[in-house]
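Reader: I am new to reading protein models. Could you walk me through how one is described?
Author: Gladly; here is the one we will look at together.

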Amino acid sequence: PGADSFVVSTLRQAAERTLAQGGAELAVEYLTRALDEQIDPATRGEVLVELGFAERRTNGPAAADHLRAGLELLTDRSRRCAVALELGRALYFTNRIGDAVAVFEVALDEVDREEDPDLYELLVAELISSAWWNAQTYPIAEAAIGELDLDALHGGRCSQILPATMAHYEFRLGRH
């Protein structure tokens, strides 16, 4: 290992191709090796995020840890919110519901609803869907549902997710 950006780029490309072919374990190896290089913080953040994405298929707790570490190094607000979405999902699927809810809440505070309405609506849906499974976080889901205006959805690709989330909520309550 050194400070060779060509090595990092090659390993990232190899990981991307390998992951696309179903080789998550090998992709994790490539990206872990890329982290051994001395790379700038921005690139390190992206490699950590890519490693977290690959690890979602092999090791959920490690995926969450690497996504969180990568998120801390990212500076672009939109990218941070997109990675926070995946971090929250990784935390939820590793039964760290309180942590997942906290990540979704921070991302919702950070996302620009006008600039990225799909991401905003997806974060709201994930917050609700994650929070309602735990007695301590259930009031957060209830509050988000209370603030939800399905008629105000922007109509993009994620606008069907919130009505589906609400249908699931109604079904769970035995209303419809």
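Author: Let us begin with a definition: axes are lines fitted to C-alpha atoms, for helices over the stretch in contact, and angles run from 0 to 180 degrees between N-to-C directions. Helices (H or I, at least four residues) and strands (E, at least two) are DSSP runs, numbered from the N terminus. This is a predicted model, where local features need pLDDT of at least 70, side-chain atom pairs count only at pLDDT 80 or more, and totals for chains, interfaces and linings use all residues. Residues are numbered from 1 along each chain as its sequence is written, and side-chain values use heavy atoms, with hydrogens and water left out.

Reader: How many helices and strands does the protein have?
Author: The protein has nine helices and zero strands. Its C-alpha trace spans about 60 × 30 × 30 Å along the principal axes.

Reader: What describes two packed helices?
Author: Two packed helices are described by the angle between their axes and the distance between the axes. Here, helix α5 (residues 77–93) and helix α7 (residues 117–131) pack at about 20°, and their axes are 11 Å apart. Angles under 35 degrees count as roughly parallel, over 145 as roughly antiparallel, 65 to 115 as roughly perpendicular and the rest as oblique. Therefore α5 and α7 are roughly parallel to each other.

Reader: Which residues of α5 and α7 make the contact?
Author: Contact means heavy atoms within 4.5 Å. From α5 come S78, C81, A82, L85, R89 and Y92, and from α7 come L119, L122, L123, E126, S129 and S130. For sorting them, Ala, Val, Leu, Ile, Met, Phe, Trp, Tyr, Cys and Pro count as nonpolar, Asp, Glu, Lys and Arg as charged, and the others, Gly among them, as polar. This contact of α5 with α7 has seven nonpolar, three polar and two charged residues.

Reader: At what angle do α1 and α2 cross?
Author: Helix α1 (residues 5–20) and helix α2 (residues 24–35) cross at roughly 165°, and their axes come within 8 Å. The pair α1 and α2 is therefore roughly antiparallel. Their contact includes V7, V8 and L11 of α1, and A24, L26 and A27 of α2. In the contact of α1 with α2, 12 residues are nonpolar, one is polar and two are charged.

Reader: Is S130 buried or exposed?
Author: Buried means under 20% relative accessible area, exposed over 50%, partly exposed in between (1.4 Å probe, protein chains only). S130 has a relative accessible area of 2%, so S130 is buried. S130 sits in helix α7. Apart from neighbours within four places in sequence, S130 is in contact with Y92, I97, V101, F104 and T137.

Reader: Where is T137 found?
Author: T137 is in the loop between α7 and α8 (138–147). T137 has 7% relative accessibility and so counts as buried. Setting aside neighbours within four places in sequence, T137 is in contact with I97, G98, V101, S130 and A131.

Reader: What does A125 touch?
Author: Not counting residues up to four places away in sequence, A125 touches I161, L162 and T165. A125 lies in helix α7 and is buried, with a relative accessible area of 3%.

Reader: How many of the protein's 176 residues, as a percentage, count as buried?
Author: Of the 176 residues, 41% count as buried.
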